[in-house]
Amino acid sequence: AAKKPTTSQPTTATVHDSGPIPSECISTINLTEYWRQDHNASHIKPKNGAYNSEYRDMIEQGRPWSRFVGAAGNRILDQCPSGFNSCGTQVGIWSNDPVPAIVGKVTNITGYEGWAACSKENGGQPLSVMRCSAQHHDVIYKYMGKPLSNQGFCGMTS
């Protein structure tokens, strides 16, 4: 049976709005693709018949901040997808680490790899996350790891 993503985003405290929108929140890349919410190993190859290799691309682009919107959902998936070949990539990245409660505060979290066993034991990939406003899911993500192939963000709607 397919696992259903949970619907709560852990936070470290009550959200505090600290004034103007951080500049990083204005210049994000919007992740809008429907296949980011495919958590069922559907083998979707969205990049001209190939899997999404987002992390390599993000490093080449200077590690931009990214935000989930529209068909991609409104946040990173909070549990392991059903296995390989989910989320338009071979190894979908998910995280249930808490996001910061304070607007503009960058926090380091771990993006866990959706391997077959879905274990956190392999350490995962370093990500940064920042809250952009007091709105619950107004957060952005940045990949901070190595240029890996065939890995990318899984999204969800909560």
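**Note on disulfides and aromatic pairs**

1. C87 is buried, and C154 is buried as well. The model under discussion is a predicted one. These two cysteines are joined by a disulfide, with an S to S distance of 2.0 Å. The torsion about their S-S bond is about 105 degrees, so the disulfide of C87 and C154 is right-handed. The link connects distant parts of the chain: C87 lies in the loop between β3 (75–76) and β4 (91–94), C154 lies in the loop between β8 and β9 (155–156), and the two are 67 residues apart.

2. The structure has two disulfides by the distance rule applied here. One of them joins C25 to C132, with the sulfur atoms 1.9 Å apart (S to S). The link of C25 and C132 is left-handed, with -85 degrees about the S-S bond. Distant parts of the chain are again brought together: C25 belongs to helix α1 (residues 23–26), while C132 sits in the loop between β6 (125–131) and β7, 107 residues apart. C25 and C132 are both buried.

3. Turning to the rings, the structure contains four aromatic pairs. One of them is formed by F68 and Y141; the ring centres are 5.6 Å apart and the planes stand at 75 degrees, so this pair is edge-to-face. An angle over 60 degrees is what places a pair in that class.

4. Are F68 and Y141 buried or exposed? F68 has a relative accessible area of 4% and is therefore buried. Y141 is buried too, with a relative accessible area of 1%. Both values fall under 20%, the limit for a buried residue.

5. F68 also forms an aromatic pair with F153, at 6.0 Å centre to centre and with 70 degrees between the planes, which is edge-to-face. F68 is in strand β2 and F153 is in strand β8 (residues 151–153), so the pair ties together parts of the chain 85 residues apart in sequence. F68 and F153 are both buried.

6. Which residues do the ring pairs link into a cluster? The cluster is made up of F68, Y141 and F153. F68 takes part in the pair with Y141 and in the pair with F153.

Notes. Residues are numbered from 1 along each chain as its sequence is written. This is a predicted model: local features need pLDDT of at least 70, side-chain atom pairs count only at pLDDT 80 or more; totals for chains, interfaces and linings use all residues. Side-chain values use heavy atoms; hydrogens and water are left out. Rings of Phe, Tyr and Trp (its six-membered ring) pair if their centres lie within 6.5 Å; planes under 30 degrees apart count as stacked, over 60 as edge-to-face and the rest as tilted. Buried means under 20% relative accessible area, exposed over 50%, partly exposed in between (1.4 Å probe, protein chains only). Helices (H or I, at least four residues) and strands (E, at least two) are DSSP runs, numbered from the N terminus. A disulfide is a pair of cysteine sulfur atoms within 2.5 Å.
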